[in-house]
Amino acid sequence: MNKPIRTISLFCLVLFLALMLNATYLMYVRSGELTEDPQNRRVITAAFSRERGAILVGKDPVARSVPSDDQYDFQRTYPQPFKYAPLTGYFSYYSQTGIERSQNDVLSGDDSRLFVTRLVDMLSNTDPKGGNVQLTIDPEAQTAAFDGLRALGEDVQGAVVAIEPSTGKVLAMVSNPTYDPNTLASHDFGSVEETYEQLEQDPAEPLINRGTSTTLPPGSTFKLVTAAAAIESGDYDAESMVPGGSSYQLPQSTTRVGNYDGGNCGGNRITMTQALSVSCNVTFLSLADELGNEAMMEQAEKFGFNSTSLEDLPGQAASLYPEMDEPQTALSGIGQASVTATPLQMAMVSAGIANDGVVMRPYTVDEVRAPNLSLLDKTEASELSRAVSGSTAEELTDMMVATVDDGTAYAAAIPGIRVAGKTGTAQSTESRPPYAWFTSFAPADDPKVAVAVLVQASETAREEIAGGTLGGPIAKAVMEAVLNP
Amino acid sequence: MSQNHSLMDFVHRQRRGAELFLLLLALAVGIGAYAAVGLGMEGTIPADIAGYGGWLTALIVVAHVAIRLFAPYADPVLLPLVAALNGLGLAVIHRLDLDDTAQCIDNDTFARQQLIWMTLGVVLFVATLALLRDHRLLQRLTYTTGLTAIVLLLLPMVPFIGNTVNGAKIWISVGPFSFQPGEVAKVLLVIAFAGYLVLHRDALALAGRRVLFIDLPRGRDLGPILGMWAVSMFILVFQRDLGSSLLFFGIFLIMLYVATERPGWLVVGTALFAAGAFAGWQAFGHVQNRVNIWLDPMAYYDQNPGSGQLVEGLFGMGWGGLIGRGFGEGAPCRIPYAESDFIVPAIGEELGLTAVLAVILCYGLIVERALRIALISRDGFGKLMAVGLGSIFALQVFVVVGGVTGLIPLTGLTTPFLSYGGSSLVANWVVIALLLRISDQARRPVPRLSATDAGSDSESTQVVKLK
């Protein structure tokens, strides 16, 4: 009977090998997939109870976990909820957004860089803790931006983004209307669902980070890109004479486009500097038409259009400069037609000009630290693209300074400091007010901060809306906050 | 013949010292796991660690001493494997007792009860070794055990004492005690099969028609297999217990194949069971349901009857990963019946793939030892019994672990020595005692043959010294 016993032994070996292979496949290979399954409440329940790391701005936490005495051990709290909600996002039982989502591995303690910490925790039998995330945000600038935007009214729809031109660090990112992430992090799940439903259905879209996710026509601020393309073409410089006048006949069309204030820009032939300074539509319509769609698109893409660049904050929408026909291309020169941009993108345009023509990749996470505060990772500044040559950047800077000193962007002027800026007022449909844009940087000779402001809708009367009057003072306040801490 | 001589001269060593050393390791697993549960769940080593550890040690020592006294040549690896598994199971059940989350709040004394059952198991283990000095005595009871097994299997169908738990009619209740007669029946069935087959193997081995290199059995010999098939189908249909049905028929088939050395029986048996199972799948919603869940567990997560239990187990094991969350850091209480059928996922969640593989290996070794005993056993009855008892573990572990890890459709069976449940634990301790008894007989030095007989056909003229 021994031969069949040996056969049975082999059969049993196969059974047990199958069990072991299947267990390995399930617990090792499929482990990640199972853990991420949306039906898996186990992971989220544990994460919810764990002491999550803090999100820090300067020395102060804008999100942290405090001990809680209900069924979960810790409660996530946001000490400055409204001001920082677009950055921190929220951490609810159901989902996460913002930094809470992008840095979830570090904050929850699951990051592979925290392996040693985790091992020590396991051996010493202490509960695992998450690491801390240090943001690049300058608290003064953030406050200035938030207060400035809110000064236009509690319900104003708009956003402010400030960048350090030499590194790409995001110094301020504010969006309004905003929300209180504390209400979504609550352990009372019934009220969380109710609040979420309410926020989700609010037509003002408070959950959207307008700084990175709202794309709108950039209006006259886009003239910076048109001017950059013109100078880069080699045919123009700051003193070149360009077409002015009171209106422009769109190619292949019967439409004539006038200037914003109905004026004639100071003559039929004006310098490029003056054209930018008075934000002359006629000049930039004809320049864009002359440069053509391809050159314009190339220049826009060098500044970051048609792609996304912010990697550590979810939800960035790509600013678009698509292929267009001739009349549309002409209109794109003044930031109309199909051109759309986020406030972050327009801040990158200013920052690129400020940084000798090099656009740095924007980032919001400066450092990642272990629970014991040892440094795990520090984001290195990296070059995104060279938008224009150094000399072009210099000429554009001088033109923007003139725009602040003698032109439409006067509202951003800071006494004793050379400020470079550009206004924008983008038309939308007749039925709704135009969007007010403003972008600037300072000091012009050694730029420390570049800002973009978008006011999408406010209580200001329609005829008073202009990029300079609405956005200028906010940009000025943010720049001052960075320059005079 | 000279080779035969050297074989005859080979004497197995007792290896009781090795067994004692392995038992120390097994105790370290059991008591260490208990301490780790205390640390993980309550932050301190449990106050009763000395009492608990002492009791566990005493049980193991008693079992070890019983082997030294009654079966000195028995296999030295089986008892340590069982001690380790039983100790780990106790610790995990204790961990679930300590959990106060909603699903686990009711069970607080399972580990205590399990320890009592283990004590009873060890008592029966010692009694089996002490009273049954030669396993061949059981051969006389072939038909008695067979009949008893059938009666036991039918008991849950009897009104008043039969008890339906989760759709399966496999329990009986007498007063406060409940009991799964199937656990005892499987041991009795193995004894009955072995006794029957060793007598009738020659007739059953006669070849019939030859199809594709395989000799199929003769039609007139199909009686026993058809009878056993009918019993399995009866269990499947009336007790709704797919696992036991598969287990009983599988054991019978394996023993039949070993007894007759005819692969043809495997073909006939597999075909019969496949046909029966297919008919069952066609006819019964609960079987279809099991198969559908197996094919796509995630899709049935929220349904009732659904795959919530299975999927929670899968989630738990996935979360445990390579080294597990550690005792107290997982959420095994999310899995209904984590202490019985789903104890392997509970182990996987908190102790990881490492522990699951170790557990599977322990079972693998138990089966390996059982089959080795069958190989070296000198009598047909012993061989068949050892194969049958080993196959119980192999099939049962495959069905339950394969079920909870999604390898095969889930069917309810206990995990030997790990799961909470008295009937299963006690029955399995007796199974181990029987295996050790056969092993002792097989490894014991062959009684000296008289000089005149030396060189003749030793197998047929062997004189067995009877006490």
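How many helices and strands does chain A have? Chain A has 18 helices and 17 strands, where helices (H or I, at least four residues) and strands (E, at least two) are DSSP runs numbered from the N terminus. This is a predicted model, in which local features need pLDDT of at least 70, side-chain atom pairs count only at pLDDT 80 or more, and totals for chains, interfaces and linings use all residues. Residues are numbered from 1 along each chain as its sequence is written, and chains are lettered from A in the order in which they are written.

Of the 485 residues of chain A, 53% count as buried (20 or more other C-beta atoms within 10 Å of the residue's own, with C-beta atoms placed from the backbone).

The contact between the chains takes 32 residues from chain A and 41 residues from chain B; two residues are in contact if their C-beta atoms, placed from the backbone, lie within 7 Å. On the side of chain A that touches chain B, H1(A) gives the most, with 18 residues.

Within chain B, the axes of helix H2 (residues 16-42) and helix H4 (residues 78-98) come within 8 Å and cross at roughly 10°. The two helices H2(B) and H4(B) are therefore roughly parallel to each other (angles under 35 degrees). The table gives both contacts by residue class; Ala, Val, Leu, Ile, Met, Phe, Trp, Tyr, Cys and Pro count as nonpolar, Asp, Glu, Lys and Arg as charged, and the others, Gly among them, as polar.

| Side of chain A that touches chain B | 18 nonpolar residues | ten polar residues | four charged residues |

Technical notes: Buried ≥ 20, exposed ≤ 12 C-beta atoms within 10 Å, placed from the backbone. Axes fitted to C-alpha atoms, helices over the stretch in contact; angles between N-to-C directions. Parallel < 35°, antiparallel > 145°, perpendicular 65-115°, else oblique.
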